[in-house]
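Subject: Structure for you to look at

Hello,

Here is the structure I promised to pass on. Please open it first, then read my notes below.

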Amino acid sequence: MVDSADNLRVTLPKTQNVVQIPLKSIKIPQILLDARAETLSALASSLEDTNFIDSNLAILYSTLKTDGIFVPIQVHPDPKDRFKYVLTEGLLRLKIFQTLYPKSTIPAVIVPYDANLLHRAFVGNMAREDYALPELASWINFLMKNGEDSAENRNSIHIKYHVPRSRIACALFSISPAYQKLLLKYPETSVSVLERISRALDPASQYMLNSIAKSFVLDHLKNQEGQRVSKGFLDSLLYDALEQITDAPPTTTKKNEEGTGKAKTKNQMPPPVFYREISIPSNAYERTASRIQKAIDDNLLLATDVILTLRISKEAIAKLTDKPVEEVNGAHMEDWLK
């Protein structure tokens with residue numbers, strides 16, 4: 001039970017008048033058509049013989065045919081033609097209504113135009129599961145600042161509109177040429193699996209930069225051509241390839257009798273399944289570390305997203321620890337860094 005109205009944070013719309021607008025007076029923005037292209041195509045096929053495969057469309061069609069429109073569409077005046085209106089919400093309702101009653105008027109709410117109308121429509125529909133990935137990609141591209149697909153823009157959309165990062169990646173991948181090429185090789189494979197294959201096959205990926213892992217991945221994927229690749233197969237393949245990259249004996253740290261008297265073993269933790277590795281000269285370390293820290297501060301990266309690998313030559317460690325080169329090992333470097 002709510003104690004007071006102050007505890008509620010709600011934004012209620014102003015009273016809206018529903019009017020009847022001729023169907024011929026309504027224009028549909030191209031972004032709306034692109035954003036629902038697959039669903040509109042399925043709807044058009046279904047309307048030809050009223051045989052609906054999609055249950056959601058079947059329910060919507062049946063309701064509109066029997067009871068008419070319960071929720072009016074939303075439009076705004078066309079700034080270029082005072083006798084026309086531009087649709088902002090209710091595309092599927094409008095399309096079905098046009099088929100059922102082509103010469104009729106349709107109930108609509110007229111709202112003032114502002115630049116965020118389509119943004120709000122996008123947010124309002126994000127929870128819907130019937131958005132196909134290519135349809136979602138149309139919205140994401142519409143929301144990209146300056147039309148640029150960048151990590152910063154993707155993160156901004158993730159934070160502002162609560163779209164999972166993985167769904168953003170898969171949506172944009174679903175409209176790429178790489179997706180079509182991989183789909184020809186591995187038919188009926190899910191977009192998310194193909195997107196992960198694409199990242200693994202990137203020339204800059206850890207798998208392709210390692211000759212053994214590269215041959216391992218390519219040979220196994222070659223054997224799968226013409227078949228559906230499952231998530232389980234891909235997980236197993238990439239994990240096995242990753243082990244070949246990171247396969248190294250555990251680092252053993254021995255202490256002398258003045259210490260604990262016991263040998264401690266630290267098992268090397270494997271890096272995340274997907275990551276990018278880059279080697280930088282020592283004189284660029286400070287600048288690189290500063291950029292990474294800024295990305296963490298700006299919430300573009302988590303501290304756990306970053307794993308730093310430090311390599312120091314044996315000769316340098318020998319000088320730092322005042323030991324003969326032949327006696328130097330990784331434990332001495334660890335002790336010096338503590």
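A nonpolar core here means a set of buried Ala, Val, Leu, Ile, Met, Phe, Trp, Tyr and Cys residues joined through side-chain atoms within 4.5 Å. Keep in mind that this is a predicted model.

The cores come first. The largest nonpolar core has 25 residues. Ile26, Leu43, Ile73, Val75, Leu87, Leu94 and Ile106 have the most contacts inside it. At least two core residues come from each of H1 (30–35), H2 (37–49), H3 (55–67), E3 (73–78), H4 (91–100) and E5 (105–110). H4 gives the most, with 5 residues. Take Ile106 as a way in: leaving out residues up to four places away in sequence, Ile106 touches Val19, Gln20, Ile21, Leu23, Ile26, Ile69, Ile73, Leu94 and Phe97. There is also a second, separate core of 22 residues, with Leu182, Ala200, Tyr207 and Leu242 among them.

Next, a helix pair. The axes of H6 (residues 133–143) and H8 (residues 165–173) come within 8 Å and cross at roughly 100°. The two helices are therefore roughly perpendicular to each other. H6 brings Leu133, Leu136, Ala137, Ile140 and Asn141 to the contact, and H8 brings Arg167, Ile168, Cys170, Ala171 and Leu172. By type, that is 8 nonpolar, 1 polar and 1 charged.

Last, the rings. The count is 2 aromatic pairs. Phe97 and Tyr101 form a tilted pair, 4.9 Å centre to centre with 55° between the planes. Phe97 is buried, at 6% relative accessible area. Tyr101 is partly exposed, at 30%. Phe173 and Tyr179 have ring centres 5.7 Å apart and planes at 75°, so this pair is edge-to-face. Both Phe173 and Tyr179 are buried.

Best wishes

Key: Residues numbered from 1 in each chain as written. Predicted model: local features only at pLDDT ≥ 70, side-chain atom pairs only at ≥ 80, totals over all residues. Heavy atoms only, no water. Buried < 20%, exposed > 50% of the residue type's maximum accessible area, 1.4 Å probe, protein only. Helix = DSSP H or I, 4+ residues; strand = E, 2+ residues; numbered from the N terminus. Contact = heavy atoms within 4.5 Å. Axes fitted to C-alpha atoms, helices over the stretch in contact; angles between N-to-C directions. Parallel < 35°, antiparallel > 145°, perpendicular 65-115°, else oblique. Nonpolar A, V, L, I, M, F, W, Y, C, P; charged D, E, K, R; others polar. Phe/Tyr/Trp six-rings, centres within 6.5 Å; stacked < 30°, edge-to-face > 60°.
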